[in-house]
Amino acid sequence: MQFLKAVTIGMGVLIVVATTVLVVTIARRLGGPGPATAPLALVLDEPSGTRIVAIAGAGDRLAVQLQGGGADRVVLVDPRTGAVAGRIGLGERP
């Protein structure tokens, strides 16, 4: 009787562990693509005196906020290729 009790408890523990592993695996796969595997080396062609103030994710791009060396601006960078995907800045109204 004790053997049956020990086997039942052991099977219950195995079911809980297997269910946890299954849930974690599904959650990771549904989480979307992981971060870029290769490091990104990028040099922005900006005027002297420009400094990076902040970097944030913007969809599938990185938004790099720049100050100095002219008007404040945001440069959008594609992290997979390192190419500048766009620029956002304020211009003067006529």
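A salt bridge is counted here when a side-chain nitrogen of Lys or Arg lies within 4 Å of a carboxyl oxygen of Asp or Glu.

Q: How many salt bridges does the structure hold?
A: Side chains of opposite charge can pair when their charged atoms come close. In this predicted model, the number of salt bridges in the structure is six.

Q: Which residue forms a salt bridge with Glu 46?
A: Glu 46 sits in the loop between helix H1 (2-30) and strand E1 (51-58), and its partner, 41 residues apart from it, belongs to strand E4 (residues 84-89). Glu 46 is buried, its relative accessible area being 19%, which falls under the 20% cut-off. The closest N and O atoms of the pair are 2.6 Å apart, and the partner is Arg 87.

Q: What is the relative accessible area of Asp 78, which forms a salt bridge with Arg 61?
A: The closest N and O atoms of Asp 78 and Arg 61 are 3.6 Å apart. Asp 78 lies in the loop between E3 and E4 and Arg 61 in strand E2, so this pair joins parts 17 residues apart in sequence. Arg 61 is partly exposed at 27%, whereas Asp 78 is buried, with a relative accessible area of 12%.

Note on methods
Residues are numbered from 1 along each chain as its sequence is written. This is a predicted model: local features need pLDDT of at least 70, side-chain atom pairs count only at pLDDT 80 or more; totals for chains, interfaces and linings use all residues. Side-chain values use heavy atoms; hydrogens and water are left out. Helices (H or I, at least four residues) and strands (E, at least two) are DSSP runs, numbered from the N terminus. Buried means under 20% relative accessible area, exposed over 50%, partly exposed in between (1.4 Å probe, protein chains only).
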